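Me: I have a model open and want to learn how to read its features. Can you take me through it step by step?

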Amino acid sequence: MWMCGAGPPSRCTATRSTLPMARTIERRWRRAAIGFFDGSTVNALTIAKQANEDNVRILIDMVGYTGGGEKANEIFALKPTPHQTSYMGYCASTGAFDYMHSIIVDRIVAPPDFARFYSEKLIYLPRSYYVTDHRQSMMAPAEALKELETAHASGAGLDGVLSPLREEFGVKGGDEDEFLFACFNQLYKIDPVTFDNWTSIIGPREHSRLWLLSFPASAEKNLRAFAKSRKRDHPLRDDRLIFSPTLPKEKYIRRAAIASLFLDSPLVNAHTTATDALWAGLPVLTYPGERMVTRVAASLVHAAGLDDLIALDRLDYVQKAKALAGKSGWRGSEQLRMSRQKLASTRMSSPVFDTERWVRGEERAFAMVVDAAAAEKGSFHIIVKEPRSLQDE
């Protein structure tokens, strides 16, 4: 949970925690904030009183109704601050008319036509609403990843580049140049219709496999059994399914670079997983539904400048996947190769990973919230426009 108090936007942020956090994260938050209060060992009333006494102007809920959110909901229900907003943790409207005044979004995750479905007023950021920290927290791509990108961009052979990575990360069997469809989301996000879609995509594509995370491990056997039970023209044999364990962040991103195309799960999109894939240079194919949780990947893919990887519907999703995969090779079609090259060449300049500009956009939004409250203008939607130049920010 975050609290924003009085003062210039760039210095107004103080951080509060309602849950214990890793020490490295806590150290970073303490350095970044003008004040820090650990609320993990006190009750909701104590935290609410502290926020009120500190004259906090904006209280930000980053948990919502997800795990551990009970205390946060109690705090917000006490209405200790003039403005309370929801961000990231709960990817939907809270329905809390009485105490949640706004939600931070962008035009893709919450199109203006959908505003009537939200109990909150919408704060529209100019680019993707989803903040990342890859440029600050992740090391530059490892040499093996650079070599892979160089070989990919030049059209040179992949022998000697892919093999060590496949061996390192346990991608066994299959051809050296096989096409690897991947989805590294938690398995609960995969519904039967989506898995059937994947079967129709992967089944007829020679020398291809589907690569998933064994997360949770107990779901692996269920998915394998489900794949066998489907009576399709092109059933997905057991040897065409790969399950891998979770890994530490940097290894996980290096492993993702081996995949050819990330197939997003439409029912519940990839969020941080999508940003990791894009950072690894792995193109993400998605299609947005109507709910916010089904539109996050489209927001990120759009910000990465890859609108051609956003499908219109399920049929278009299947057709695009087949076209991107092409007929042979790990690289797939020319369009997919170009998408991968674009991700590699714009990694350090992409809006998806421009954390500082995202922060400036959010600061402008909060300044507008505070100004509106001071002028007693009431509650309304806020649209933060993209500045014409850095001097305008």
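Me: What share of the contacts with a separation of 6 or more comes from residues 24 or more positions apart?

Reply: A contact means heavy atoms within 4.5 Å. In this protein, residues 24 or more positions apart make up 67% of the contacts with a separation of 6 or more. This is a predicted model: local features need pLDDT of at least 70, side-chain atom pairs count only at pLDDT 80 or more, and totals for chains, interfaces and linings use all residues. Residues are numbered from 1 along each chain as its sequence is written, and side-chain values use heavy atoms, with hydrogens and water left out.

Me: How many residues does the protein have, and what percentage count as buried?

Reply: Buried means under 20% relative accessible area, exposed over 50%, partly exposed in between (1.4 Å probe, protein chains only). The protein has 393 residues, and 52% of them count as buried. Its accessible surface, by the Shrake-Rupley method with a 1.4 Å probe, is about 18300 Å². Carbon and sulfur atoms hold 53% of that surface.

Me: How many helices and strands are there?

Reply: Both are DSSP runs, numbered from the N terminus: helices are H or I with at least four residues, strands E with at least two. Here there are 14 helices and 13 strands.

Me: At what angle do helix 7 and helix 12 cross?

Reply: Axes are lines fitted to C-alpha atoms, for helices over the stretch in contact; angles run from 0 to 180 degrees between N-to-C directions. Helix 7 (residues 192-202) and helix 12 (residues 314-325) cross at roughly 35°, and their axes come within 9 Å. A crossing is right-handed if the near helix is turned clockwise from the far one by less than a right angle, left-handed if anticlockwise. This one is right-handed. Contact residues include Trp 198 and Ile 201 of helix 7 and Tyr 317 and Val 318 of helix 12. By class, the contact has six nonpolar, three polar and two charged residues. Nonpolar covers Ala, Val, Leu, Ile, Met, Phe, Trp, Tyr, Cys and Pro; charged covers Asp, Glu, Lys and Arg; the others, Gly among them, are polar.

Me: How far apart are the axes of helix 9 and helix 10?

Reply: They are 8 Å apart, with an angle of about 65° between helix 9 (residues 249-256) and helix 10 (residues 272-279). The crossing is right-handed.

Me: Which way do strand 6 and strand 7 run, parallel or antiparallel?

Reply: Two strands pair if DSSP finds at least two bridges between them. Strand 6 (residues 102-105) and strand 7 (residues 121-124) run parallel, joined by four bridges. Ser 102 stands opposite Lys 121. Strand 7 also runs parallel to strand 13 (residues 382-383), with two bridges. There Tyr 124 stands opposite Ile 383.
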